Amino acid sequence: WTSRTSPVIGNCGAITWSPQLGIFCAVGDGSPWSITSSDGITWTSGGTLPSPGISWRGISWNGTVFCAVEAAYGIAATSTNGTSWTQRTMPDTTSWFAIVWDGVNFCATGAISSTAAISQDGITWTSMNLPSSSAWVSSAYNGTVICVVSTQNAKAATINLIEFIPLGTVSGTFFDFTQSTT
């Protein structure tokens, strides 16, 4: 790994890739900034995410829009280019930590919550239930299944975004994701 210089000061909360735009977009955790890069080497200051959001912990791309979720104030933001951001209202003020795109919907999960949220466009969100209240901090999609994991050793999966079920009761092959605390 090679260290690269960021045009902003602060921690990065999340990063994603847009193949359509040919850019990485990262968002700040502790400050409301975004940065972009076409090669992962040279980074450009992207823009300011909506206030009062400061803890942007998740970002995903759906083919036309970036959607970022925020943990301190429970909001979201969308951008078509990684630089101009519009605040979006989530279904509740959960501390949103993770977001993933499954080809049809964004799915966001939060910390110390039993709520997930889904949206086709990153603008209009609908709540859904997770199997337990936990710190759901990471998610991934493998083309068939969305898996979410927590820092409290909880794991869940959904195929249809109608119901999340705890892993271990689901048949089939799943990836095992772990959350590092270091």
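In which loop is Ile 112 found? In this predicted model, in which local features need pLDDT of at least 70, side-chain atom pairs count only at pLDDT 80 or more, and totals for chains, interfaces and linings use all residues, Ile 112 is found in the loop between β10 (106-111) and β11 (113-119). Residues are numbered from 1 along each chain as its sequence is written, and side-chain values use heavy atoms, with hydrogens and water left out.

The phi angle of Ile 112 is near 50°, a positive value in a residue other than glycine. Most residues other than glycine have a negative phi. Ile 112 is also exposed, with a relative accessible area of 59%; here buried denotes under 20% relative accessible area, exposed over 50%, and partly exposed the range in between (1.4 Å probe, protein chains only).

The protein contains zero helices and 16 strands, where helices (H or I, at least four residues) and strands (E, at least two) are DSSP runs numbered from the N terminus. Its radius of gyration is 16 Å, which agrees with the value near 16 Å for a compact globule of 182 residues; this radius is taken over C-alpha atoms, and the globule rule is 2.2 Å times the number of residues to the power 0.38. Along the principal axes, the C-alpha atoms fill a box of roughly 45 × 35 × 30 Å. Of the 182 residues, 48% count as buried. Among contacts (heavy atoms within 4.5 Å) with a separation of 6 or more, 38% are accounted for by residues 24 or more positions apart.

A search of the whole structure finds one salt bridge, defined as a side-chain nitrogen of Lys or Arg within 4 Å of a carboxyl oxygen of Asp or Glu. In this salt bridge the side chains of Arg 57 and Asp 29 meet at 2.9 Å, N to O. Because Arg 57 lies in strand β5 and Asp 29 in strand β2 (residues 23-29), the pair ties together parts that are 28 residues apart in sequence. Arg 57 counts as partly exposed, at 27% relative accessibility.

Thr 64 counts as exposed, at 55% relative accessibility. The C-alpha atoms of Thr 64 and Asn 81, 17 residues apart along the chain, are separated by 8.8 Å.
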